[in-house]
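Dear colleague,

Please find below the structure that I am handing over to you. My findings follow directly after it.

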Amino acid sequence: MGEELILTYDLGTTRLKVAAFSLDGELVGQTTRRNTELSRGSSRWQAADDWWRDCIDTTVQLLADHAIEPAQLVGISLSGRAGATVFLDADGVVIEDPWLDNRHASELGEMLSTFDAIPNYAAALIAKSKWLETNRPEVASRVRWRLYAKDFLLFRMTGIAATDPASGPDGDWNEDWLARANLAPDQVPKVMLPWTIAGTLTNAAANTLGLIEGIPVAVGAHDGICANTGAGAITEGTMAITLGTHCVARMVTSQVPVGSLRFYSYPPNLNVIGGNALMAGRSLDWFLDTFTETGTVTGALERDTKEANRQQRFRQMDDAVRDMKAGADDVMFVPHLGGQLSPERRPAAKAIFYGMNSNTTRENLYRSVLEGACLAIADVVNQVIAWCGPPDRIGITGSGMKSDVWTSMLADVLDRPLELTDAASEGRGAAIFCATALGRYPTLEDAIMQMVKVSRIVKPDVERAGAYNERHRKWHFLVDSTRPLDGI
């Protein structure tokens, strides 16, 4: 048998990533599968059973591609977004899939206005439960479990309904919150620390995944917590920036600054302060799919092929703009494809290209999308710094770190050095939690010391940083000038 490994599942908004790590943090391999989004009219959702099928397929592929024997796996851990809610009946059957639209907006607004201290993710789960009770009572009457995305995978693997604090109530469930949707505490997942073994892999799950029954499964954590952990950014004054579907900056503090946006706690006694450049990362995928892609996608094989093609076009477009000067020949892009969330809330804000002329090329447009994403991230980072002070160090996580053009540009825009590990930081964070839960390291800090690998440090270029400082000023003028168009 080869070296002992930990298997991780990171279920994000856009992609599932399944990875294997050694106990000293080396990434043995990672396989990804893009989630399928479904829509009908204004309704948008993902199918939870498709998540599970993708877990099966990618597990089989990962083990085969990297010659991993199931007997090498000493633990499994989970990472994932928290916003989704899966509704299951008493037999564990999915009876309502996680929706991506805002049909529950009224119920969510009521929860947030009624309870000052309720975390957004807890409020969202209860609001969705209330919406289902009001609008689909025949379905609501059969619901036994309401689970977040990664916790649905935990349930499939172990039969245990559990979550971590950051994914849900940021502590224990409050019965007054639950009463708003006529819920009892045993109808929502039990809250456990990320570095806790929730249960073991059942015989049924092991047979389905091609693994061995009895492998310990850790609770894991919200992907933001896993990202900070995988980047080693868990001490006060450290920041992690995730380049994913959304580009999120998260800083760890012991105190909560007045007026700041507190995401959640970092157990047991630290806080995560942050902001979200909504859809900034997705804007790159949108550009590639809109301006460089043809054809349709039907099944899993086609999805994998399209994703591989997208990654190839990502690299090709990066190469095409690598030597362009800062400024994209005066083309600017505002990445508000889903509105703006930080540093101010403008839900009706729209994305926009500006500065095109008859000489504008596709490459100019692509570089402007990269620059627009970086400038939006910079606004979020600057807001967090205004609350918490400058970070001691910044770690970069998320699949966007595979683009050296994007990471170099971000270092220039922020005028700060950035520490990179690899595109599996969230999975590594989950593996660190599992290794700690298994007792392979005495403390979480010891595990991070051994398992976090900084592959390189990207330093800003003085000349380009100056150019982007001026660019940022013009970009702000463009962002502000579109305000009268919100909602039109």
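The lining of the largest cavity divides into 6 nonpolar, 4 polar and 1 charged residues. This is a predicted model, and the structure holds 1 cavity of 30 Å³ or more. The volume of the largest cavity is about 70 Å³. Its lining consists of Ala 277, Leu 278, Pro 335, His 336, Gly 339, Gln 340, Ser 342, Pro 343, Ala 376, Asp 379 and Trp 475.

Strand β2 spans residues 15-22, and because 8 of its 8 residues are buried, it is largely enclosed by the rest of the structure. In a regular strand the side chains alternate between the two faces of the sheet. Both faces of β2 are covered: one side carries Arg 15, Lys 17, Ala 19 and Phe 21, the other Leu 16, Val 18, Ala 20 and Ser 22, and all of these are buried. Buried here means under 20% relative accessible area.

With β1 (residues 5-11), the pairing is antiparallel over 7 bridges, and Leu 7 stands opposite Ala 20 of β2. These two strands form a hairpin with 3 residues between them. Strand β3 (residues 27-34) also runs antiparallel to β2, joined to it by 7 bridges; here Leu 16 stands opposite Arg 33 in β3. The hairpin of β2 and β3 has 4 residues between the strands, and in it Gly 25 takes a positive phi near 95°.

With kind regards

Terms used:
Residues numbered from 1 in each chain as written. Predicted model: local features only at pLDDT ≥ 70, side-chain atom pairs only at ≥ 80, totals over all residues. Heavy atoms only, no water. 1 Å grid on protein atoms, 1.4 Å probe; cavity = no way out; pocket = protein on both sides within 12 Å on 5 of 7 lines; lining within 4 Å. Points joined across faces, edges and corners; volume = space filled by probe spheres on them. Nonpolar A, V, L, I, M, F, W, Y, C, P; charged D, E, K, R; others polar. Buried < 20%, exposed > 50% of the residue type's maximum accessible area, 1.4 Å probe, protein only. Pairing = 2+ DSSP bridges.
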